[in-house]
Every structure is written in structure tokens, then in C-alpha cells.
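Please open the structure in your viewer and keep a selection tool ready.

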Amino acid sequence: MSETQMIEKNADVKPGEELLVVEDLHAGIDGRDILKGISLTIRRGEIHAIMGPNGSGKSTLAYLLMGRPGYEITAGTVTFKGEEILELAPDERAKRGLFLAFQYPQEIPGVSVVNFLRTARNAIHEEMNPMQFMKFLKEKMASLEMDESLVRRYVNEGFSGGEKKRNEILQMAVLEPDLGVLDETDSGLDIDALREVSAGINAVASPQRSMLLITHYQRILNYVKPHVVHVLINGKIVRSGGFELAEELEKSGYDSFRDEG
Ligand code: ADP
Ligand code: MG
């Protein structure tokens, strides 16, 4: 199946239509409230950024979207392509087109990146044999200007911070999700790695595909321009707006937003 056919196959939601709708989501852990009523709507093709200080609940939101167990969801709904997903297991969500890149990628000794990626891809899309997959992977790596030597190595083993993040962008490119959630993909990157990772995100973004960039710092937004910026403080989105909101944050910091929570 060509990439265009694949996109058409997945395009049961047209560009601009609502892809992810989070409504009044309340969640916590061990009786402690972390998310206190999150609402946001991401349309197909849009890039959203969630910015917030440490501990505001950014990663919690990302994990809840992907279905990580252990959270108590006390209110609210999450709808993806018109379907309620909070009851679905993580792999079911991945099959429906959700992708999450973790803040702290895991090492998987003994499993090469190529095999890992092929297994992940085949679990959610029409199966490719090893040769078909290699051809597909080489195209993806070329589009991301990535070095082929990386995929021969074991997953994340001995990877530098930058290599781990690049590997995640490659994973996202290979899985071709409808929505990619990137949790602090920019953290710990030097300026060259940040540029490369950003170029990768831009290469994967498309009118069919949406991105949710979760970040503490404004700097990645100099390279990946979001359509919508949300400021998350203490479990609440205190403000949403355009790119100018990120610029305002850069100037004034989070303190000026705290009162709004
Ligand atoms: P962020 O990603 O914005 O830095 P997190 O979502 O990781 O924030 O955390 C939000 C709050 O929830 C923090 O105060 C954190 O200590 C708390 N928290 C997150 N995960 C757990 C957990 N597994 N157990 C207890 N508290 C947690
Ligand atoms: Mg976090």
C-alpha cells in the first residue's frame, strides 16, 4: 500500500474536522487531583502546544490520552475520531491512530530498531514483509535526513539524548498516526539536535495529521509553529490562543498566568 493509499484509508476524518475532543477531564492518582477539568479540541491537520511549568500535569494528560493504567478518572470524556476512548487499552488506541512519544524513552536491549519498528508498524497497519518494510523505512529515514546506522542498533541502548528523540520521531513517521503526542521531546537537546528533531516533526506533520507538543520551554516553538497554544497550570488550561501566547510566555514567564488559574 502506498503512503497516499494509507492516508486515504485512515482518512475517515477529513482535514479540519474534529479529531480529538477532551471535555472537562478530571483525573488523579492515589486520591490526589492532578487534572482539574481539561477541555480541548484538536482538529485534523492542526499543531497544538501545551505549555506549563513542572508538575502542572502535562505528562499526566499525555499518559491519560494513551491509556496508561493507574489513574483515577473522576469526570470527563476523551473522544477520538468520534469514538470514546477512555475505556480502550493502549494498543487499541494506537490502532486507531494515536501515538505518544515518552519523555523518558526506554532501552530495549537485544531488539534492533528495525525489528522494533517493523513489529510496531505491523501491529497497527497492513503487514509488510521485511523487504517491503526496509524499503519503506529507508524512505522515511531519507525524508527525516536520518542516518541509517541508527536503526541497526538496539533500541535506545547507549543512545545519546538527541538520538533517542530522533528515534522517536522516526517511530512516529513509521507509525503514521493521526495524532502524535510529543511529551517534552525538546528537553535536554542541544541546539543542533533541537533543530533536527523539529525538522523531523515538521516533516511528519501534514494536513491529515495532527500534533500535540507538550513542552516546558518556548524554544521548540521557534522551529515548529503551533496553530494553537494552551497554558496548563496546576491541572487547568488557564488560557488558549495563537502563537503570540507562546511569545508572551517567553517574555513574562508562567507567574503572570498563575492568577488566572
Ligand atoms: P508535568 O509533566 O507537567 O511536569 P506531571 O503530569 O508529571 O507534570 O505531574 C503532575 C503532578 O502529579 C505532580 O505534582 C506530580 O508529582 C504528580 N504525579 C504524577 N505522577 C504521579 C504518580 N505516579 N504518583 C503520585 N503523584 C504523581
Ligand atoms: Mg512531564
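Contact here means heavy atoms within 4.5 Å. This is a predicted model, in which local features need pLDDT of at least 70 and side-chain atom pairs count only at pLDDT 80 or more, while totals for chains, interfaces and linings use all residues. Residues are numbered from 1 along each chain as its sequence is written, and side-chain values use heavy atoms, with hydrogens and water left out.

Begin by selecting Ile 201 which, if neighbours within four places in sequence are left aside, is in contact with Ile 169, Leu 182, Met 211, Leu 213, Ile 220 and Val 224.

Next, select helix H6, residues 161–175, and helix H5, residues 130–143; helices are DSSP runs of H or I with at least four residues, strands are E runs of at least two, and both are numbered from the N terminus. Between these two helices, the contact is made by Phe 133, Phe 136, Leu 137, Lys 140 and Met 141 of H5 together with Leu 170, Ala 173 and Val 174 of H6.

Then move to Glu 176, in the loop between H6 and strand E9 (179–183), where this residue, although not a glycine, has a positive phi of about 45°. Most residues other than glycine have a negative phi. Glu 176 is buried, with a relative accessible area of 4%, where buried means under 20%, exposed over 50% and partly exposed in between, for a 1.4 Å probe and protein chains only.

Finally, select Glu 184 in the loop between E9 and helix H7 (191–204): its phi is positive too, near 50°, and Glu 184 is buried, with a relative accessible area of 7%.

Notes:
Chains lettered and ligands numbered in written order. Axes fitted to C-alpha atoms, helices over the stretch in contact; angles between N-to-C directions.
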